[in-house]
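Visitor: I've got a model open and would like a quick tour. Could you show it to me and take my questions as we go?

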Amino acid sequence: MLTSFKLYAASKLIANNSSWEFMEKEKPNFELFTIHPSLVYGHNLIQQSAKELEGSSNGLLFGSIMSGAFNDAALFSVYVGDVADAHIKCLDDSVTKGTKYLVSGTPYTWKDVVEILEKNYPGLPHKLDKESKPIVKSGDTTRVEKDLGIKWTAPEKMIKEVLDQQLAFLK
């Protein structure tokens with residue numbers, strides 16, 4: 001699964017570079033903004049079954065929680081609603097044209113995830129180690145916070161949306 005994420009990330013980089021090259025070469029009569037989200041978690045409007053979770057970012061989070069085979073990179077994430085909000089706010093004429101925005105929410109740890117699970121899903125048979133010492137990954141999101149006024153959704157909401165959806169599919 002990690003290989004598919006690497007390929008996905010590479011395709012995003014190629015698409016980004018191609019977009020900016022097109023803008024420079026063709027000088028079209030429109031502006032370009034790019035939104036660069038970390039892993040996006042939250043309720044998936046397209047997913048119709050538990051099987052469709054495979055290969056998705058929600059699948060990475062849910063699978064890590066349930067199996068304990070986690071990767072600290074899974075914690076570098078953002079709520080799907082915050083990504084949508086950034087896209088909409090780029091439509092405002094006051095936003096500087098041609099800007100690239102890193103969109104990544106509040107950093108958290110696996111210990112934080114365990115505390116959310118214990119509070120909201122007591123008895124859920126997860127395999128996370130509350131005492132793990134992850135390397136917390138974050139990026140500089142100052143530009144998107146300042147330019148677009150983004151306020152990050154709490155990790156608890158994001159994690160609950162993923163778990164609520166997946167647990168409902170498993171019933």
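Guide: Let's start with the largest cavity, whose lining is Ser 77, Val 78, Tyr 79, Asp 82, Gly 105, Thr 106, Tyr 108, Thr 153, Pro 155 and Met 158. On a 1 Å grid over the protein atoms alone, a cavity is a set of points where a 1.4 Å probe fits but cannot get out, a pocket is an open set with protein on both sides within 12 Å along at least five of seven lines, and lining residues have an atom within 4 Å of a point. Before we go on: this is a predicted model, where local features need pLDDT of at least 70 and side-chain atom pairs count only at pLDDT 80 or more, while totals for chains, interfaces and linings use all residues. Residues are numbered from 1 along each chain as its sequence is written, and side-chain values use heavy atoms, with hydrogens and water left out.

Visitor: Which element gives the most to the lining of the largest cavity?

Guide: Strand S3 (77-79) and helix H6 (155-170) each supply at least two residues there. Helices (H or I, at least four residues) and strands (E, at least two) are DSSP runs, numbered from the N terminus. With three residues, the top contributor is S3.

Visitor: Where do the buried residues of H3 sit, seen down the helix axis?

Guide: In helix H3 (80-89), Asp 82, Val 83 and Ala 86 are buried (under 20% relative accessible area; exposed is over 50%, partly exposed in between, with a 1.4 Å probe and protein chains only). Their directions from the helix axis to the C-beta atoms fall within an arc of 105°, so they line one face of the helix.

Visitor: And which element gives the most to the lining of the largest pocket?

Guide: That pocket holds about 1,200 Å³ of space, a volume being the space filled by probe spheres set on grid points joined across faces, edges and corners. Its lining has 45 residues, and the closest to its centre are Tyr 8, Pro 37, Ser 38, Leu 39 and Val 40. Giving eleven residues, the main supplier is H1.

Visitor: Is Gln 47 buried or exposed, and which side chain does its own side chain join in a polar contact?

Guide: Gln 47 sits in the loop between strand S2 (39-41) and helix H2 (57-67). At 5% relative accessibility, Gln 47 counts as buried. A polar contact is a pair of N or O atoms within 3.5 Å; within protein, one must be able to donate a hydrogen and the other to accept it, and residues adjacent in sequence count only if both atoms are side-chain atoms. At 2.9 Å, the partner side chain is that of Gln 166.

Technical notes. Contact means heavy atoms within 4.5 Å.
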